[in-house]
Each structure stands twice: as C-alpha cells, then as structure tokens.
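Hi everyone, thanks for coming along. Today I'd like to walk you through one protein, from the overall picture down to a few single residues. Have a look at it first.

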Amino acid sequence: MSVYTTEITSDQIPSDNPIHQRLLKAYYAAEPLVSGDLLELGCGEGRGVSLLLNKVDSYLGLDKIEGVIETLRGKFENARFESGVFPPIDLPDNSFDTVVSFQVIEHIQQDELFLSEIHRILKPGGKAILSTPNIKMTLSRNPWHIREYTADQLATLAGKYFSSVDMKGIAGNEKVMEYHERNRKSVQKIMKYDILDLQYRLPAALLRKPYEILNRRNRNKLKNQSDELVLSISHEDYFVREKSEQNLDLFVILSK
C-alpha cells in the first residue's frame with residue numbers, strides 16, 4: 001500500500017527528490033543521538049527506520065494508517081509498529097530512552113498535549129528529537145498543517161515541559177538553495193492569481209485538493225526545467241546548524 005502525496009513525499013517519484021532528501025536528513029542527524037528503547041511518532045512509510053534500527057535496543061513506530069503499518073511489519077522484522085492517533089499517547093510513563101518525531105507536530109491540533117505526552121513517556125534523562133518546517137521559509141499556506149512555528153515559538157512551547165531545549169535547524173547548500181529559489185519564484189507565479197488571498201481565507205479542507213494538484217504540477221515543472229539539479233540533490237546537501245531564520249526546517253533536541 002502506498003499513500004504518497006506531495007505532503008507525504010515519495011522516494012520513488014523523481015520530482016519529489018529534493019524534499020525527500022530534506023526529510024531524510026533529519027534521520028541522519030538523529031542517528032548518532034538515539035539510544036536504548038526508541039519510539040517514533042508518525043513513522044509514515046518508514047523513511048528512516050533502517051537508519052535508526054541498528055542504533056537502538058528496540059524500535060516502536062506509531063502511525064495512524066493501518067495499511068501502512070501492516071506493510072512495515074512485513075518489511076522490518078526486528079521492529080514493532082502499531083496504528084493509532086495521538087495525542088494522548090497510549091503508552092506507560094518513563095518507558096522510552098529516545099523519542100523521534102519528524103514533520104509531525106505541525107499536524108497536531110493539541111501541540112502542548114503532544115509535547116507533554118512525549119515528556120511523560122520518556123525516561124528520566126531521555127531525549128526527544130523533533131523536526132518541523134520553519135515558517136520563516138514557507139512559500140505558501142500548507143492546508144495539511146494546523147500551524148507552523150518560528151524557532152523561538154517552538155522553543156518557548158517545548159520549554160514548558162523540557163529542562164533543556166537545544167534549537168537547531170536543517171539548512172541546504174548552494175545547490176539546495178538554488179532549487180528553493182526556483183521553487184519560490186514558481187510558487188509566486190501561481191499565487192499571483194490568488195488576488196483575493198483565498199489561501200488564507202478559505203477553510204483548509206477546501207484547499208487540500210487544489211493544493212495537491214498545483215504542488216504536484218509545480219514539482220514536475222521544476223524537474224522538467226532542471227532535471228539534473230532535482231535528481232542530483234542528496235541528504236548530504238543538507239546540514240544541521242545553529243538557529244537561523246534561513247533554516248528550511250527546525251530541528252530541536254529536547255532533554256527530560
């Protein structure tokens with residue numbers, strides 16, 4: 001079963017490659033930080049499971065799509081996968097050494113409950129590692145997202161529950177930023193027709209289908225215009241650095 005959309009992003013669709021590699025970078029960045037019993041909240045189709053699995057004593061992945069969970073169970077025999085909607089998180093207190101959750105919190109209505117639940121299920125001294133889009137670099141409203149954050153907003157929110165908040169970000173080299181700039185200009189051409197600013201005025205549910213159609217069309221156009229650039233980008237073209245408004249994603253390490 002596949003559930004790929006432009007929001008979920010595929011490693012099989014060439015035009016998705018720059019975004020797939022950007023999302024994959026979070027797993028490479030987390031790889032040296034994870035240990036012990038690991039929980040991934042929002043594992044999706046398992047983009048980074050193979051990177052983390054051999055670094056920990058146990059892995060549990062949670063996601064809401066039962067069909068995807070069944071596929072993952074057949075693919076990774078040494079891991080556990082369960083379907084469920086969170087928060088709350090139906091797991092015991094103090095039960096995991098590490099929690100990772102990449103590109104998830106922006107979809108969560110109750111983001112404070114989400115963070116407090118992560119804190120609850122972490123063992124004392126445990127770590128949570130999260131990524132989410134940096135709203136300062138967002139090109140248009142994403143109707144799949146409840147909200148997006150600045151680095152300071154997310155740090156303040158997480159600081160209500162965690163004793164240590166190490167806010168970093170995922171950025172890109174010149175090749176990545178060339179793609180980002182081409183994408184920005186292309187999106188601006190589309191948005192100039194939104195003279196009534198409907199992307200911010202209409203309910204998200206009404207925007208999701210046109211967003212998907214236009215986003216897919218835009219990614220295909222960027223690939224066709226610069227096939228070599230789109231296909232050449234890898235996770236190595238992204239890097240973790242200190243907090244900056246120019247980071248593409250926020251990448252935060254939280255300690256209990």
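Let me start with a term: a residue is buried when its relative accessible area is under 20%, exposed when that is over 50%, and partly exposed in between, using a 1.4 Å probe and protein chains only. Please keep in mind that this is a predicted model, where local features need pLDDT of at least 70 and side-chain atom pairs count only at pLDDT 80 or more, while totals for chains, interfaces and linings use all residues. Residues are numbered from 1 along each chain as its sequence is written, and side-chain values use heavy atoms, with hydrogens and water left out.

Now the overall picture. The protein has nine helices and eight strands; these are DSSP runs, H or I of at least four residues for helices and E of at least two for strands, numbered from the N terminus. With a radius of gyration of 18 Å, close to the 18 Å that the globule rule gives for 256 residues, the protein is as compact as a globular protein of that length. That radius is taken over C-alpha atoms, and the rule is 2.2 Å times the number of residues to the power 0.38. The C-alpha trace spans about 50 × 35 × 35 Å along its principal axes.

How much of the protein is buried? Buried residues account for 50% of the 256. As for contacts, meaning heavy atoms within 4.5 Å, 75% of those with a separation of 6 or more join residues 24 or more positions apart.

Let's zoom in on helix 1, which covers residues 17-30 and includes Ala30. Is helix 1 mostly covered or mostly open? It is mostly covered, with 13 of its 14 residues buried. Its end C-alpha atoms are 20 Å apart, which agrees with the 20 Å that 14 residues should span at 1.5 Å a residue; the expected span is 1.5 Å times one less than the number of residues. Ala30 itself has 0% relative accessibility, so it counts as buried. Leaving out residues up to four places away in sequence, Ala30 touches Leu52, Phe102, Ile129 and Phe251.

Next, a loop. Thr150 sits between strand 5 (122-133) and helix 5 (151-159). Is Thr150 buried or exposed? Its relative accessible area is 17%, so Thr150 is buried. Apart from residues up to four places away in sequence, Thr150 touches Asn134, Ile135, Lys136 and Leu250.

Compare that with Lys192, in the loop between helix 6 (174-191) and helix 7 (198-201). Lys192 counts as exposed because its relative accessibility is 54%. Asp197 lies in that loop between helix 6 and helix 7 too. Phi of Asp197 is near 60 degrees, a positive value in a residue other than glycine, and Asp197 counts as partly exposed at 37% relative accessibility.

My last stop is the loop between strand 3 (80-83) and strand 4 (96-102), where we find Pro87. Which kind of peptide bond runs from Phe86 to Pro87? It is cis, with omega near -5 degrees. The bond from Pro87 to Pro88 is cis as well, with omega near 0 degrees. Asn94 is also in the loop between strand 3 and strand 4. Its phi is near 50 degrees, a positive value in a residue other than glycine. With a relative accessible area of 40%, Asn94 is partly exposed.
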